[in-house]
Amino acid sequence: MLLRRRLPLVALSVLALGGMLAGCAPDPAPTPSPTPAFASDEEAFAAAEEVYRAYNDALNDVDFSSPRTFEGVYSLLTGEMSASTRESFSAFHADGITVTGRTDYFDLAPANIRDLRTSVTINVCVDVSSVHVFAATGESLVPPDRPSIQPMSVTLKATGGDLRIATLEPAAEVSCER
């Protein structure tokens, strides 16, 4: 009980001491305010579109029998998306998974440009109709009820001045009609 009464007094004393010493310390360097990575929403969307296009191309170039082909995809990812993709690709390589066909996309559109310095979300319709995935035994791993067109929401984060894909998730609210 005595500790509870003394804690506010101790805290006030520390704050007061800090205030007195603050006048003695040299002025800290001013913190620069962050500069927007993009001058406009349109510029942010164009950059996001460019990264997604590069991601789709890199994904189509992946050959799970050759891990060096993974690097193009890895270079466009960040955070948990990067970690989970590395884990999956490594497992696919180890399991002898093969993929045929190409992924395509259409109706890429801005969904949310949260802050020109940090995050851009786009919606995209992904066409996987020609993509087939096989186990090492030759058995198809594609469920028969897999939709050939998949609406996705893609969030890109600014890292080191560049956008990288941070999440790629199904987006039921996106309409993908051709």
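What is the mean pLDDT of the protein, and what share of its residues reach 70 or more? The structure is a predicted model, in which local features need pLDDT of at least 70, side-chain atom pairs count only at pLDDT 80 or more, and totals for chains, interfaces and linings use all residues. Residues are numbered from 1 along each chain as its sequence is written, and side-chain values use heavy atoms, with hydrogens and water left out. The mean pLDDT (the predictor's confidence in each residue, from 0 to 100) is 82, and 78% of the residues reach 70 or more.

Confidence is not even along the chain.

Helices (H or I, at least four residues) and strands (E, at least two) are DSSP runs, numbered from the N terminus, and two strands pair if DSSP finds at least two bridges between them. Strand 5 (residues 149-159) runs antiparallel to strand 3 (residues 119-127), and nine bridges join the two. Here Asp 127 stands opposite Ile 149. Strand 5 is also antiparallel to strand 6 (residues 162-170), through eight bridges, and Leu 156 faces Ile 165 across this pair. Two residues lie between the strands of this hairpin, where Gly 160 takes a positive phi near 60 degrees.

Beyond residues up to four places away in sequence, Tyr 52 touches Tyr 105, Leu 108, Ile 122, Val 124, Val 126, Val 154, Ile 165 and Leu 168. Val 154 is 102 residues from Tyr 52 in sequence, yet their C-alpha atoms are 8.4 Å apart in space.

The largest pocket holds about 830 Å³ of space. Its lining has 27 residues, and those closest to its centre are Tyr 55, Leu 59, Phe 92, Thr 103 and Val 131. Helix 2 (41-60), helix 4 (79-95) and strand 5 each give two or more residues to this lining, with helix 4 giving the most, at six.

Note on methods: On a 1 Å grid over the protein atoms alone, a cavity is a set of points where a 1.4 Å probe fits but cannot get out, and a pocket is an open set with protein on both sides within 12 Å along at least five of seven lines; lining residues have an atom within 4 Å of a point. Grid points are joined across faces, edges and corners, and a volume is the space filled by probe spheres set on the points. Contact means heavy atoms within 4.5 Å.
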